[in-house]
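Let's take a friendly walk through this structure, beginning with a pocket and ending with a group of aromatic rings.

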Amino acid sequence: MSVKPVAIQTKQTTNHNEAERVKAKATLTSLLTKGFITTLTNPKVLLFFISFFPQFVAPGSEHQTASFLLLGMTYALIAFMTDLTFAVLAGSAAGTVSQNRRLQKILDRIVGVTFIGLGLRLAFTRR
């Protein structure tokens, strides 16, 4: 199985009217490895498995290990499918937004107003 480099595009704005595209190359294997390590070291995932899964395994059953493995594989499959869907949708949305200057400007203004509103809310919050 050969691994092809994946081009990751990031956008750096040096001027409001100009945008430079920088491509960083990463292999698919390195991206998957980083994602796997991030998931394994995430305490929320561990807490989820410890608190949620035992409810679906019979305490006296002889197949507890198989039950946990089946639940884990089901969780992994569902997580993979949803993450894949989000990645595809985000990739197509990023392509659409990067090609439309007017839409970029509108989104920049929405984000700016949101940050200003959050800053004002924080400034006027009493403890």
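Helix H3 gives nine residues to the lining of the largest pocket, the largest share. Before going further, please note that this is a predicted model, in which local features need pLDDT of at least 70, side-chain atom pairs count only at pLDDT 80 or more, and totals for chains, interfaces and linings use all residues. Residues are numbered from 1 along each chain as its sequence is written, and side-chain values use heavy atoms, with hydrogens and water left out.

**The pocket**

The largest pocket holds about 740 Å³ of space. A pocket here is an open set of points on a 1 Å grid over the protein atoms alone, where a 1.4 Å probe fits, with protein on both sides within 12 Å along at least five of seven lines; lining residues have an atom within 4 Å of a point. Points are joined across faces, edges and corners, and the volume is the space filled by probe spheres set on them.

Of the 19 lining residues, Gly 35, Phe 36, Thr 39, Ala 79 and Asp 83 lie nearest the centre. Helix H1 (28–40), helix H2 (43–52) and helix H3 (64–99) are the elements that give two or more residues to this lining. Helices (H or I, at least four residues) and strands (E, at least two) are DSSP runs, numbered from the N terminus. The lining has 14 nonpolar, four polar and one charged residues, where Ala, Val, Leu, Ile, Met, Phe, Trp, Tyr, Cys and Pro count as nonpolar, Asp, Glu, Lys and Arg as charged, and the others, Gly among them, as polar.

**The fold**

Four helices and two strands make up the secondary structure, in the order β-β-α-α-α-α along the sequence.

**The aromatic rings**

The whole structure has eight aromatic pairs. Rings of Phe, Tyr and Trp (its six-membered ring) pair if their centres lie within 6.5 Å; planes under 30 degrees apart count as stacked, over 60 as edge-to-face and the rest as tilted. Two of the pairs are set out here.

| Pair | Centre to centre | Angle between planes | Class |
|---|---|---|---|
| Phe 48 and Tyr 75 | 5.2 Å | 35 degrees | tilted |
| Phe 49 and Phe 53 | 4.6 Å | 75 degrees | edge-to-face |

Because Phe 48 lies in helix H2 and Tyr 75 in helix H3, their pair ties together parts that are 27 residues apart in sequence. Is Phe 53 buried or exposed? Phe 53 is buried, at 5% relative accessibility, whereas Phe 49 is partly exposed at 24%. Buried means under 20% relative accessible area, exposed over 50%, and partly exposed in between (1.4 Å probe, protein chains only). Phe 48, Phe 49, Phe 52, Phe 53, Phe 56 and Tyr 75 form one aromatic cluster.
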